[in-house]
Structures are given as structure tokens and as C-alpha cells.
Amino acid sequence: MQMAYAWYREVRRLELRYVASVPDQVPFTVWRCDADDAVPSLANTWPLLGWYEREITDLFGLRFVDHPQPQRLVLHEGANPPCPPFDPDYPADLPLRVETTTQAIPELAGDQSDVQLLPFGPVRADVMESAEFLFFYLGEAILHYHPRLFFKHRGMEKRFEGLEPECGVVLAERVSGVGSVAHALAYCQAVEAAGNCSVPPRARFLRVLLAEMERLYNHLHYFGHLCHTTTLKVGEAEGKLLEERAKQLNTRLTGSRFLRSMLAVGGLRRDLAPKPWLAAEFDALGEQFAKYARHMENTASHLDRLITTGKLDRRLAFDQGATGPVDRASGLDRDLRRDHPYAAYAELPVQVAVREAGDAHARAQVRMAEVEASIALIKCAIDLLPDGPVRADGAVAPNSEGLGWAETPRGTLFYAVHVGPDGKLARVKIKSPSFSNWRVFPFTVHDSNMMDYAINEASFGLTIAGCDR
Amino acid sequence: MPQWTLLGLLQGKQTAPWPSAPGTDGQAGFLGMPRYLPELCGDVSGKDCKACADICPTKAITMRTSSADGRLDIDYGRCVVCQLCVETCPTGAMATSSDWAFGVRARDDLVWKQDAAAAPAPGTQMRGFRRSLHVRHVDAGSCNGCESELQALNNPFYNLHRLGIFFTASPRFADLLLVTGPVTQPMLGPLRATYEAMAEPRWVVAVGTCAVSGGIAEGGYSSRHGLDGVLPVDVYLPGCPPNPAAIIQALLMFLDRAPQRVKGGRLVE
């Protein structure tokens, strides 16, 4: 199971869609279900569906019977809309009134006289994204951890509605800043699937180049941040410096540090010239990273903080829907680039790194291997880059739909695009990797300790913007 | 540990000499705000051309009703730097540029004017504010692009500390509130509470087009229109996101240690 979402098939006819991957089958399977009234919750069978169902309840008002956690998720308790924001009766652009409230949390059982509650956020230390975390703790031990997200919910999916399909790319690039390429790519692929548009080979290879450059600067940032949490100061500086170099390479190639303004429905907006200089730059970056990685793997104080920290068991990772380096570090061998290839990945050697341990160290090791694999892919894509046009024309037919996906630096991303009878976007659903991994993360925090929390959170490499949308 | 010390030492000094040495800001190739060339702007084959206004996703470009002050009304406070106007313009009147130093004191300075000199000269408001600056950041619903660049400020290349500017955890210690994001409805309360917790005198800088005007996510059921009507703003810095050098430039401008470079919606030297 990958995700579930709702959309209005016709006026006031709500339909549920479940997207699943079937073993040994490349296309995704989509199940449909009319939902005029309350439907049974599937969260007890597929725990990962729990959040999707709560999101649908908040935004569409559809009730799921026997949901194990029937609380609000995307809209906070203090939000009282006249009707759900995606309901056709919701007045266009009516701002939602939200009162600042505390989160409704399940009551603690047993003797709680010594248990203390630490609410942390939504404005947190240093430069951080906004979210609130509740820790129930006893001295150094965390008994229970409850993140409250969606402070940053911008209603991005609704912003797509009514746009021409070509115009959605700029919006998709800004759903998650550090995933600009992946979001634009998945969106473009969804629209291209709806329009049966085939992308020219040169554009497909350049898309791989951009996607891997995005993975690279994200992973380099990850190591800088991870070293920050283990107080490895030079390691932190080195990781952030390498990230800065990668971002400056992004700028030299595309004019944007986040590789924005490149993707378009049908290919790319303009051609790029990575030859002959870019491969040599990545050789140098790769060498520097190999040295850095060797140092990290040889530093006992760093490894002591990672090994056994935030252990995520394989079964839990699968049931709760962990994705990306997080699930690959728990022994799940899944990668969309290899299993459901898109762009030019079918023509390139995709190495998938898998570790079994499931702890913070395994998550770091998976990313280390991915940095090396990314650099190899980048060089290979530059090498094999065919000549030719970078954009194909393609018209999107009214009443069409498409599914697009990408393996982002943080895991699987899906865009489901529905085009209405007027040829404009009727519904766009975004399943971001952090939505999946934030769901899983608390399971590794319960019954752990405060000292490990920041390290564990860094090892997951979560973003909030993508999750909250 | 000695291996790390050696690794650091062998790399030598990695910090850019910028802003004291021009051209070392690390932004080579950066595409900034599109530059408007009014002399090239006009009707195309007798038809009223409004291609850029039609394509602009944030309505940063609108047609003027009277042509006394040029055909286009361009508000760089709404620009998300997507470059679509440059690609669309049939006459080349919107041109790519590397203009990113867009921090201004008055919101009006972000709106394009035929006569830039008519824009008021920025006043020196920070007289006496010569010591270190402590900044509290609040993410009011950004896409994480601005945070990524703010975090980059403390990497060895930009090394913000060398300029005496620090991020602080507590709003009680902060002089300046730095806000990113369009201000989502759930963040409105926490944002105001953070501002209220700051001791006076206190200042506010809006970083990124979202915080200046709402940006791409503006409106709808959950996003507001940036800081307008929420907090009084002292410095506006549009960009999507503004690069780290642009953020440093805006902070130095706030401290009167660098000049404001944009007036009437364009770079003036």
C-alpha cells in the first residue's frame, strides 16, 4: 500500500483512491471506492493508512468507521471551518480561523505523579521548521512522544485547482524547497501520463542529472546536521561546506541553488550544458566526500551515539509505511528508481543500498552509499547524454488523470493529477516522503532517552514543509 | 579527534572574503529578479501584448491602465523568480539578471518606477545600533527553501558569526525577528506570541517572497498574505528563496553597514 486520497469524481460524488504496488509488477495498482457516506476504516489492516484517512476526514469531511485514532490531524483542534475546506460549499479563499489550542492527547494510565510534560515548539531553537513536540518524560527517559505537525499547512493541494496543467510546475517546485526537482518531476510525470506525452531522451537524462544533484546536496546537508547533533564540530563544518559546494554547482548549471525553473511538462524549459566541466567537479566532490565519510566511520564518539539509537524494526517500518533511506536501513529493499523506473533510470545502473540494523548508524550508512551511487549516476548520465530536443509538445485531454512518482532524497513521492472537463486541474494529491516518515518516527522515540532524541531526529532526515503542504 | 583537526587545517580558510572583496559571494551564475527594459516593451504586431502579465503565477506583473508611467506595474515583492516572464516575452523586455540584493526598508521600493531617483532615500534608522545583532527566526509556513538558506549562513563559506550576527533561541534575547513563509493560519498565534515576547526596541525582517507578500501559496483557506497586517516590517527581502548573500546583505543594510541597493524596483549603483 502506498497511499490513499479522495477526490470529487462528479459534483458531490466523492471517490476514494488507494494506490498500491504489487510485487513483481511495474505499474501501480489503483483501487477505487465510492464514498457517499461513511466508509469502514482500513487503518487496522494497513496501519499506514491511518494518517491518510484522518487527512481525508479533516479536508473532505468523510467519516471512517472504527478508526483507531479518530482525532484531528491536518486541521488543528482550534480550527472550526463552516464546512471542510475541500467541500464544494467552502467559500473560495475564505481564511480558516484557527485558535491556538493545546493538542488533544490520549490520557496516561497508571501512576503519573512523577511524569512530566515538556511541550517544545512550534517555535523551536535555532533555525528550524515549525512543529510542536510533546514529551512525557521521567528524568532522562522519554516515556511517550507526540509530535504535532501541520502548523505549516498551506493548503497547497487546493492551490493547484483551476490552474492550467502546464502552470502547476512552479507551484510543485515550491511545495518542499529542498525537494523542488523531485516534486516538479513527479508532477510533470503525472501530467505527462494524463496526456500520453513522451519526453525526449535528452530531457529524460537531464532530469536524472537534476534529480541526483538534488539528492546529493540534501544528503550532504544531512551529514552536516547529523554531526551537529553528535557535537562533531569539524564534521558539521565539513558537511555543510560540501553542501554549499554542491549548491554552488547547482547554481552554475541552472542558475538556481535549488535547481528550480528547469522542469516543464513535456521535458525541460531549456537545455543545459553539463559537458565538459561538471563531471570533473563531481569527481573532486566525490573524493572529498569519501575522505569525510571515512573520518566519520572512524570516529568512535560519533559512532557511539549512532549505533543502536532510534532502532526501527523491519516489520514496523513496513506496516507504518517508512520510506526512502529510512526503510532501506531497516532491511526493506525498495527504490522507485529501480522498481518503477521513470525518466532515464531504466537505462542507467541504479545501485540500491540496504542495511539491516535499522538504527541511526544504518540510516547514515545508507545515505553514505547513496552519495557515492548518486555521483556515479550523475557521471553516467552526463556520459550517455544523447543529443536532441529537450521538450515535446503534448496536450492534456479533459477528464484525464495520471499518476507520477519520484524517489526523492527522503523516499517515495507521488502526485495524482485529475484534469476536469474544462481541461484545468480538478484535483492534485501530493504524497510526500516526510508524511510517511513522520508517521513512523515517533515509534522510535517512545521509551528512549532525551540525549538521543536530536540524533535520532537528524538520522531520519525529515522535512516538515513537504509533510504539512 | 586529531584526524578531524588535521582535516580542517589542511583545507585552510574556506570563508568567502565577501562582502569586503566584491565578486567572492559564491553566487556565480545565480538568476535573480528579471530586469525590466521598458524601451523594448510594447505592442506586438499591433496587438496589446500582455504575455508576461498572463503567465506570472503570483500576479507580480499587471498592466497599467494609464501609460504615463510605463506599461507594466511590476511588484518585485511578489516575484518568485520563476523566470517565466523572461521566457514568454516576445520582445526581450524582461531580461535575466543576477540581481539578488533586493533588501529594502520601504515596501514601495520593490515596485518598479520609471524614475528611480524619485524613490525616497532610505533613512538611517539604526544610528547607535553598532554592536552585535541577535536574530530570532520564525518559520511561518515556508517551503523550507528559506530555512535551507538561513541554515547555510552558518556554514564555513558564509560564516555569519564573523559579522557579529547571531541566531538566538529565545525571543527575549533577540533584537530582530526574522520571518519566513506566507503566515499560515495555525502559525499566526505563535508568530504574534514570539513578537510579543521580544523586548523593545524590536525590529522585523521579512525574508522571502512568501513573507513579503504571500508568494505562491498566498490566499486559500490556510495561507495569509505574508506579514502585511500581521507585524510591522522594517526590512523586506523578496526572493524565492533569497540566497545567503542576499540575506547577509539585507541584515547589514538593516545595521547601516551596507547601502540599500534597490530603489524603484531596480538595482541602482
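How many residues of domain 1 of chain B are in contact with domain 2 of chain B? Let me start there, with the reminder that what we are looking at is a predicted model. The answer is 12 residues on the domain 1 side, and they meet 15 residues of domain 2 of chain B. By class, those residues on the domain 1 side come to 7 nonpolar, 2 polar and 3 charged. For orientation, domain 1 of chain B covers 35–100 and domain 2 covers 133–267. Their centres, taken over C-alpha atoms, are separated by 27 Å.

Now over to chain A, please. Here domain 1 runs over 3–104 and domain 2 over 156–468, with 26 Å between the two centres, again over C-alpha atoms. Domain 1 of chain A puts 12 residues into the contact, and domain 2 of chain A puts in 14. On the domain 1 side, the elements giving two or more residues are β1 (3–10) and β2 (13–20) of chain A, and β1(A) has the largest share with 3 residues. The class breakdown on that side is 11 nonpolar, no polar and 1 charged.

A word on confidence while we are on this chain. Chain A has a mean pLDDT of 91, and 99% of its residues reach 70 or more. Among its elements, helix α5 (residues 201–229) of chain A has the highest mean, 95, while strand β6 (residues 116–120) of chain A has the lowest, 86.

That strand β6 belongs to an open sheet of 4 strands in chain A, ordered β6-β7-β8-β14 and paired antiparallel. The edges are β6 and β14 (448–449) of chain A, each pairing on one side only. Inside the sheet, β7 (residues 132–138) and β8 (residues 141–148) of chain A pair antiparallel over 7 bridges.

Next, the inside. The largest nonpolar core has 210 residues, and those touching the most other members are Ala186(A), Ala190(A), Val208(A), Val179(B), Val205(B), Ala206(B) and Leu237(B). The biggest contribution to this core, 15 residues, comes from α5(A). Take Leu237(B) as an example: leaving aside residues up to four places away in sequence, its contacts include Phe102(B), Val205(B), Ala206(B), Pro242(B) and Ile247(B).

Is helix α1 (residues 2–11) of chain B largely buried or in the open? Of its 10 residues, the number buried is 1, so α1 of chain B lies largely in the open. Just after α1(B), Gly12(B) has a positive phi of about 70 degrees. Then there is helix α5 (residues 185–197) of chain B, where the buried residues are Gln185(B), Pro186(B), Met187(B), Leu191(B) and Thr194(B). Their cover includes β5 (133–139) and β7 (176–180) of chain B.

That is the tour. Thanks, everyone!

Key:
Residues numbered from 1 in each chain as written. Chains lettered and ligands numbered in written order. Predicted model: local features only at pLDDT ≥ 70, side-chain atom pairs only at ≥ 80, totals over all residues. Domains from an automatic or database assignment. Contact = placed C-beta atoms within 7 Å. Nonpolar A, V, L, I, M, F, W, Y, C, P; charged D, E, K, R; others polar. pLDDT = per-residue confidence, 0-100. Core = buried A, V, L, I, M, F, W, Y, C linked by C-beta atoms within 7 Å. Buried ≥ 20, exposed ≤ 12 C-beta atoms within 10 Å, placed from the backbone. Pairing = 2+ DSSP bridges.
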